[in-house]
Amino acid sequence: MKKLIKSIAIATAASGYILASSAMAADQKIGVVNFQEVMGKIPQTAAVMKSLEEEFKDEKAVLAQLEQDIKYLQEKRKRDGSLMSAKDIEELEGKIGVLFQDYQTKGKAFQQSTGARKNEETNKIIALVRQAIDNIAAKGDYDLVLEQSAVVYSKPDTAITEEVVKQVSKLK
């Protein structure tokens with residue numbers, strides 16, 4: 001009999017705790033933000049991409065010229081190969097090899113430098129977005145703000161994406 005009373009008391013206490021915690025959760029204000037949409041809509045993203053394009057246009061032009069030179073020499077080899085001497089073919093293939101090696105080296109350096117700069121600038125924009133989310137959460141008295149990709153379902157009135165886009169667009 002004592003065990004039954006203990007079991008009932010524990011069950012009552014546990015159910016009371018569950019009800020209290022769900023009642024507390026109902027009082028929370030939750031916001032949902034679509035980070036990808038924010039990044040796509042804010043003007044800072046387009047400005048950064050434009051400035052990066054401008055910053056690396058010379059290196060990109062060098063790579064394009066190397067690619068053209070390689071294609072030209074390959075076509076020349078294919079077109080005139082039957083008329084060329086073995087020594088000329090060997091020299092031409094050597095030139096193609098050197099150009100291709102140069103293209104690969106410069107291409108890898110280009111990808112690394114553009115990737116690093118893009119990450120650097122993207123991190124600055126992300127900081128602005130986080131600042132805007134923090135401001136909106138503080139002003140709107142939100143208890144929790146979640147990324148939309150981490151949420152299975154949310155009501156449309158929990159979305160704060162447009163507010164974030166407006167606020168970030170005002171920032172520099």
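**Helix packing and the nonpolar core in a predicted model**

The axes of helix 3 (43-55) and helix 5 (86-139) come within 11 Å and cross at roughly 160 degrees; axes here are lines fitted to C-alpha atoms, for helices over the stretch in contact, and angles run from 0 to 180 degrees between N-to-C directions. Helix 3 and helix 5 are therefore roughly antiparallel, under a scheme in which angles under 35 degrees count as roughly parallel, over 145 as roughly antiparallel, 65 to 115 as roughly perpendicular and the rest as oblique. Their crossing is right-handed, a term for a near helix turned clockwise from the far one by less than a right angle, anticlockwise being left-handed.

This is a predicted model, in which local features need pLDDT of at least 70 and side-chain atom pairs count only at pLDDT 80 or more, while totals for chains, interfaces and linings use all residues. Residues are numbered from 1 along each chain as its sequence is written, and side-chain values use heavy atoms, with hydrogens and water left out.

The chain has six helices and two strands, arranged from the N terminus as α-β-α-α-α-α-β-α. Helices (H or I, at least four residues) and strands (E, at least two) are DSSP runs, numbered from the N terminus. Of the 172 residues in the chain, 23% are buried; buried means under 20% relative accessible area, exposed over 50%, and partly exposed in between (1.4 Å probe, protein chains only). Among contacts (heavy atoms within 4.5 Å) with a separation of 6 or more, 85% join residues 24 or more positions apart.

Glu121 is buried, with a relative accessible area of 13%. Leaving aside neighbours within four places in sequence, Glu121 is in contact with Val48 and Leu52.

The discussion now turns to the nonpolar cores, each a set of buried Ala, Val, Leu, Ile, Met, Phe, Trp, Tyr and Cys residues joined through side-chain atoms within 4.5 Å. The largest has 22 residues, and Val38, Ile42, Val129, Val164 and Val168 have the most contacts inside it. Two or more residues each come from helix 2 (35-41), helix 3, helix 5 and helix 6 (161-170), with helix 5 giving the largest share, eight residues. Apart from this core lies another, of six residues, including Leu66, Leu73, Ile96 and Leu99. In soluble globular proteins, nonpolar side chains tend to be buried together.

Helix 6 has Thr161, Val164, Val165, Gln167 and Val168 as its buried residues, and these pack against strand 1 (30-33), helix 2, helix 3 and helix 5. Val164 touches Val33, Val38, Val129, Ala132, Ile133 and Ile136, not counting residues up to four places away in sequence.

Two loop residues complete the picture. Asn34, in the loop between strand 1 and helix 2, is buried at a relative accessible area of 18%. Its side chain reaches the backbone nitrogen of Glu37 at 3.1 Å and makes a polar contact with the side chain of Gln148 (2.9 Å). A polar contact is a pair of N or O atoms within 3.5 Å; within protein, one must be able to donate a hydrogen and the other to accept it, and residues adjacent in sequence count only if both atoms are side-chain atoms. Asp141, in the loop between helix 5 and strand 2 (144-147), counts as exposed at 58% relative accessibility. Although Asp141 is not a glycine, it has a positive phi of about 55 degrees.
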